[in-house]
Amino acid sequence: MIRRVLLLRHALPGRRTLSTTTTTTLPVVPFELEENSEIQILKRVQETPHPILANPTVVAEAVKKPSIQATDDQLTTWLTGPCGFRTEVAAEYLRVLRQDGFDSPASIAMLSVDELERRRVRTGHARQLLARVDDLLVADADASSPSSTGTRLFDYETIVANLTVRDAIEAVEEAFGKLAKGQVDVPLPMHIGIDETDDYGPGDCHIKGGYVSGSPTWTVKLACVSFYKNLDRGLPPGSGVFVVMDAKTGATLGIFQENRYLTDLRTGAAGALGVKYCARPEDSSVGFVGCGAIARNMARATFAVKPDFEGIAYAPDDSAHAFAKDMEAELSVPFHVVPTAHELCRRSDVIFTQTPGSDPVLELRWLRPHATIIASGSDQPTKQEIPVDVLVHSKYIADLKKQTSRVGELRSAIAAGAMSEASVHAELGEIINGDKLGREADELVVLDLTGTGAQDAAIGQVAWDKLSKL
Ligand SMILES: NC(=O)c1ccc[n+]([C@@H]2O[C@H](COP(=O)([O-])OP(=O)(O)OC[C@H]3O[C@@H](n4cnc5c(N)ncnc54)[C@H](O)[C@@H]3O)[C@@H](O)[C@H]2O)c1
């Protein structure tokens, strides 16, 4: 029989089943369950009456006076014996029974399944029983199903410790390939503005997501930025979560408190694909205009596909020096800081741009004829990094045409009347699929990366695959 039950799962301090300190079970989720584990546990308790209840007189008495007391020893013997719970589970269960007033075997064993369902919503006992469900020895509980494991929460430290950009490249490549075949459902990004009032805001929430056809999960992410009043509170102005959903049941599998780390990984992975598909094999000098968080991931990504490159860094502030020093130490390849973007372009075969501004950061006449520009800074309609004449003279490739025309570099060229969506040579996925050619000669190539929900879906799947096994 399929039963619809509302499970209120609560995290418990010291809960033993989730062995790392980094995962927690959240209070959530209406599920449709068949013979769910909690019910099985209750049935087991009911089908295994305590000796006190084996006596009909006592049962009759218990109905009238359900607080018939059993001693701790009696209850423990019953739980570890006929009910089959492990000693430590029985002890914990007993503690909970006592704490919540279920201090007799009658009071639990005489509850009907329906009554338990009703009561457990409002009793601490019931919630704690649910929270302990995977501690209990239920033979046929399916530990891999969301119904028995609940939604898992992964904190920032766990995510950072277990995922690198290298983990993301293959999945992001496949996602781009499917995106170009129309096999990824990617809605246009959504924006929620939190206007500033006395108590709240200002802030912005950007929502992206997608589903790659045939994948076990889909992902929605919320990137929260520009909460500037956080600085007065000693908090960063940005945060973010990925929500990974089960494509079979629609249940929430995992919430990743990634604070944009996963976004940085999937952005870097797209950069790696830019080097792989758009640059010449012999290219060796790689410039980074803008040396912040994205640049670091672009450097790591480059290393994953071209481990013998030389890095050149430019930023108008100190970040270039810290970037070069850290990347050189991490990747064991040389990095040089240059004083101008002009010099960087003059010396670079591949140029990554990842700046937040609205003014172009380079000029056409500075570029090597075979340069590959991988521009990822523009992800909003207010931003621009690449001058229109560079775009016009390039083989222009978009991550997603419908997006770059609104928030990417292509937007400025369209606004200037210099290009249209028809000017797009290809989307990245078409090149990955072999349907369009990438680089063909010593030509200027621009790859415009605005960040797609397909990448978010891909990194969400990777994160779930890897971290859910911890
Ligand atoms: N396309 C995507 O998928 C994607 C994903 C995440 C972030 N972004 C965007 O990438 C940009 C960079 O993000 P970040 O987190 O690395 O920022 P960040 O603040 O960490 O770093 C920005 C860097 O750009 C430098 N910079 C600023 N103006 C410059 C200029 N005129 N010339 C050269 N360098 C300049 C800064 O000195 C700094 O080094 C932002 O616009 C962000 O919104 C895009």
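Me: At roughly what angle do the axes of α12 and α13 cross?
Reply: In this predicted model, helix α12 covers residues 261-278, and its axis comes within 8 Å of that of α13. The crossing is right-handed. Angles of 65 to 115 degrees would count as roughly perpendicular and those under 35 as roughly parallel; α12 is therefore oblique to α13, with an angle of roughly 45°.

Me: How many nonpolar residues are in the contact of α12 with α13?
Reply: On the α12 side the contact uses Asp264, Leu265, Thr267, Gly268, Gly271, Ala272 and Val275. These meet Ala293, Ile294, Asn297, Met298, Ala301, Thr302 and Val305 of α13. Five residues of the contact are polar and one is charged, and the nonpolar ones number eight.

Me: Are α13 and α14 roughly parallel or roughly antiparallel to each other?
Reply: Helix α13 spans residues 293-305 and helix α14 residues 319-331, with axes 11 Å apart. The angle between them is about 30°, and the crossing is right-handed. Angles under 35 degrees fall in one class, so the two helices are roughly parallel.

Me: How many charged residues does the contact of α13 with α14 have?
Reply: From α13 the contact takes Ala295, Arg296, Ala299, Arg300 and Phe303. From α14 it takes Ala322, Phe323, Asp326, Met327, Glu330 and Leu331. By class there are seven nonpolar residues and no polar ones, while the charged residues number four.

Me: Is Ser285 buried or exposed?
Reply: Ser285 lies in strand β11, residues 285-289. Beyond four places in sequence, Ser285 touches Glu310, Ile312, Arg347, Ser348, Asp349, Val350 and Arg368. The cut-off for burial is under 20% relative accessible area; at 4%, Ser285 therefore counts as buried.

Me: What is the relative accessibility of Tyr211?
Reply: Tyr211 sits in strand β7, which runs over residues 203-212. Leaving out residues up to four places away in sequence, its contacts are Gln183, Val184, Asp185, Thr217, Trp218, Ala247 and Ala457. Tyr211 counts as partly exposed because its relative accessibility is 26%.

Me: Which residue's backbone oxygen does the side chain of Tyr211 reach?
Reply: The separation is 2.7 Å, and a polar contact requires N or O atoms within 3.5 Å. The backbone oxygen reached by the Tyr211 side chain belongs to Ser215.

Me: What distance separates the C-alpha atoms of Tyr211 and Gly453?
Reply: Tyr211 and Gly453 are 242 residues apart along the chain.

Definitions and conventions
Residues are numbered from 1 along each chain as its sequence is written. This is a predicted model: local features need pLDDT of at least 70, side-chain atom pairs count only at pLDDT 80 or more; totals for chains, interfaces and linings use all residues. Side-chain values use heavy atoms; hydrogens and water are left out. Axes are lines fitted to C-alpha atoms, for helices over the stretch in contact, and angles run from 0 to 180 degrees between N-to-C directions. Helices (H or I, at least four residues) and strands (E, at least two) are DSSP runs, numbered from the N terminus. Angles under 35 degrees count as roughly parallel, over 145 as roughly antiparallel, 65 to 115 as roughly perpendicular and the rest as oblique. A crossing is left-handed if the near helix is turned anticlockwise from the far one by less than a right angle, and right-handed if clockwise. Contact means heavy atoms within 4.5 Å. Ala, Val, Leu, Ile, Met, Phe, Trp, Tyr, Cys and Pro count as nonpolar, Asp, Glu, Lys and Arg as charged, and the others, Gly among them, as polar. Buried means under 20% relative accessible area, exposed over 50%, partly exposed in between (1.4 Å probe, protein chains only). A polar contact is a pair of N or O atoms within 3.5 Å; within protein, one must be able to donate a hydrogen and the other to accept it, and residues adjacent in sequence count only if both atoms are side-chain atoms.
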